[in-house]
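Subject: Structure for your review

Dear colleague,

Please find the structure below, followed by an account of what was found in it.

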Amino acid sequence: ETMPQLLQENGIVGVDAMTDFVAKFNLKFKRLDCVAAKETGILGVVLSQKAYVFEHDLLKGILDAEGVDVTDFDKKNYSVVCRHAAVSEYVDAGFSIYLNAVYLKLNERQEDDVDTVAKVIGWDELKDEDKDAFLEKQQGGSKIDDVRKLNTTTALVYGIKANWIVPTWANVLQIWNRRNEEGVSPFDFVGREENVAKLAKSRSENSWEDVKELGKEIAESKTLSDDFVKMLLSALPDGMIADYSGVGATSARVENLLKTRRIQYSTKLYCALHELGNASHIVLAAMCAKMFCDDGVEEETTTEDVKGILESGLLPQDDLALLVNTCKEWVVGDDTLIKNVAKRITLENYKDFEGNVLDVCFEFVNSMPLQCKIIQRLGGESEDIRARLGKMDEPYKQFSLPLKRPLLEQWDGLATFLTFLQDKQIVTKFEEEDGKIRVSTTRA
């Protein structure tokens, strides 16, 4: 039965009488000729008394009759509802019923306005399951573009949880500035893989001064992976992280932070990283070997640490001798380290190493010409020199013995070496023979 028929049959005439009648019987209409009802004033009564149920065609008809543009009613349903104050108020009061009776039954995915979505997310009294259902019906384009629209803590916490915020650095900073609000965790938002990828592709327009605290927290995060830290920091302005504590550090993270000039060496940082028990302190010492040595090797440093620095592949070649000379007390007492250092000594760098290092590494260096250079560098008495010569392979080993005539391949510097041995009364003469050098040793 239609509304006009019902009123006519009961002799109800006039707005006041209609209002009393509807209120008295708590009428709820499922169908209504909304255009006709508008002309007779009945629609006003229906709206004021909330005398209608949540039904798709009825809602659309009411809004259309009230002059609301319903073109997008099936695409932006709740946004269209919100364009009419009285209808919106009624729907909001029974939102869960409306959601299940109308909204979730719509065939199309919804593209509600961002402000409308923000309203739902920020609705403190609304159950999370209703918010979830509402968002699941949405297309992704309705994500919150400006997190300031989520102006309550509840709204922000839910927006982060639902990941319904556009990942921009402006939004990240807004969330960061509200990190002290209960339940607000910036890294629950920043740490999502899809958000990291989008943030890494953009560049923060803020200065380092604006983002330095955020940058430090990213660098020290225990929840973000090394790759995520690297990607996020690459999108921030250049700048040094002050007082980097080493929390959350790994070898890969420290290497990247040093390469990108986000951190620098300090004794305090080295000790902090050493306590972590991973190899991050080795990376720091290797990449900052000069500062590591200049500051004095810390007592925490072990033989294994020195081995790790040498084998890290990160030690600048120019700093090799400095490191070894500084750490010689570890080197000279460990056979593995001696061999490790020996294979790194070359004709180009041997002069940079201290004598006692060269002495212990002598028999393990990788070429006889280099051994000869080391013998010259170390000098000493004839007996000492003969002892070193005795550790060499043939034919140089014969220099340690009397009255020998070894035949040597030529190499640059050989004549100088043999002259040195003559001066030490180990060699009597040497001369060319068939493109090689024949050498005669002394009687004793």
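**Findings**

Pro395 sits in the loop between helix 27 (382-389) and strand 1; helices (H or I, at least four residues) and strands (E, at least two) are DSSP runs, numbered from the N terminus. A cis peptide bond, with omega at about 5 degrees, links Glu394 to Pro395.

This is a predicted model, in which local features need pLDDT of at least 70, side-chain atom pairs count only at pLDDT 80 or more, and totals for chains, interfaces and linings use all residues. Residues are numbered from 1 along each chain as its sequence is written, and side-chain values use heavy atoms, with hydrogens and water left out.

The chain has 28 helices and three strands. Its radius of gyration (taken over C-alpha atoms) is 42 Å, whereas a compact globule of 444 residues would have one near 22 Å; the globule rule is 2.2 Å times the number of residues to the power 0.38. Along the principal axes, the C-alpha atoms fill a box of roughly 145 × 45 × 30 Å.

The three strands form an open sheet in the order 1-3-2, with antiparallel pairing; two strands pair if DSSP finds at least two bridges between them. Strand 1 (407-408) and strand 2 (427-433) stand at the edges with a single partner strand each, so one side of each has no neighbour in the sheet. Strand 2 is joined to strand 3 (residues 436-441) by six bridges. Val427 stands opposite Thr441, and Phe430 has Val439 as its bridge partner. Strand 2 and strand 3 form a hairpin with two residues between them, and Asp434 in the turn has a positive phi of about 55 degrees. Helix 28 (residues 414-423) lies across strand 1, strand 2 and strand 3, at about 155 degrees to strand 2; axes are lines fitted to C-alpha atoms, for helices over the stretch in contact (heavy atoms within 4.5 Å), and angles run from 0 to 180 degrees between N-to-C directions.

Helix 18 (residues 267-276) packs against helix 19 (residues 280-287) at about 145 degrees, with the axes 7 Å apart. Among the residues making this contact are Leu269 and Leu273 of helix 18 and Leu284 of helix 19.

The largest pocket holds about 240 Å³ of space. Of its 13 lining residues, the closest to its centre are Ala242, Asp243, Tyr244, Ser266 and Leu269. On a 1 Å grid over the protein atoms alone, a pocket is an open set of points where a 1.4 Å probe fits, with protein on both sides within 12 Å along at least five of seven lines; lining residues have an atom within 4 Å of a point. Grid points are joined across faces, edges and corners, and a volume is the space filled by probe spheres set on the points. Asp243 lies in the loop between helix 16 (226-234) and helix 17 (251-259), and has a positive phi of about 55 degrees although it is not a glycine.

Yours sincerely
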